[in-house]
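Hi,

Here is the structure I promised to pass on. Have a look at it first, and then read my notes below.

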Amino acid sequence: IADDLGRQVMTPYQVRDLVVTAYLALSTGTETAVLAGAASTLRDLVHVVCANQSDAAVDVDFRSGTAGSIMFSLTIPADATSGFVPVVPIPMTEAAQAWTADMADITGTTVNISALFINNV
């Protein structure tokens, strides 16, 4: 791959133009989009970091489509941060879907989620 000036580019996942970040403050037990879908685009997950602001541990489930199968879950300890970096990006199961997160509806709990994705068009 070459950049706009013709220099060779070596990157482990994708060129800069196709890297997408996302942020979500999750505070209810309702499935919520971390990153909305884009037409004809597969968005593969590179890493996710969650920060739990409450005094109780919480499990967060991640899906690559609203109401889809759980792709993975993270347990975030009370008042702590936990993350997940897969060896290879986790492929999205179907184009144009949203990546979502969901947790039990724990009163007074907010989990901040930051994630990095690559677009495969």
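Trp-99 has a relative accessibility of 1%, so it counts as buried (under 20% is buried, over 50% exposed, anything in between partly exposed, using a 1.4 Å probe and protein chains only). Before you go further: this is a predicted model, where local features need pLDDT of at least 70 and side-chain atom pairs 80 or more, while totals for chains, interfaces and linings use all residues. Numbering starts from 1 along each chain as its sequence is written, and side-chain values use heavy atoms, without hydrogens or water.

Phe-117 is buried too, also at 1%. What kind of aromatic pair do Trp-99 and Phe-117 form? A tilted one, with 5.8 Å between centres and 45° between planes. (Rings of Phe, Tyr and Trp, the latter by its six-membered ring, pair if their centres lie within 6.5 Å; under 30 degrees is stacked, over 60 edge-to-face, the rest tilted.) This pair joins strand 7 to strand 8, 18 residues apart; strands are DSSP runs of E, at least two residues, numbered from the N terminus.

Phe-117 is also among the residues that touch the most other members of the largest nonpolar core, which has 24 residues. Such a core is a set of buried Ala, Val, Leu, Ile, Met, Phe, Trp, Tyr and Cys residues joined through side-chain atoms within 4.5 Å. Val-34 is another of those residues, and its contacts (heavy atoms within 4.5 Å) beyond four places in sequence include Trp-99 and Phe-117.

Cheers

Methods:
Helices (H or I, at least four residues) and strands (E, at least two) are DSSP runs, numbered from the N terminus.
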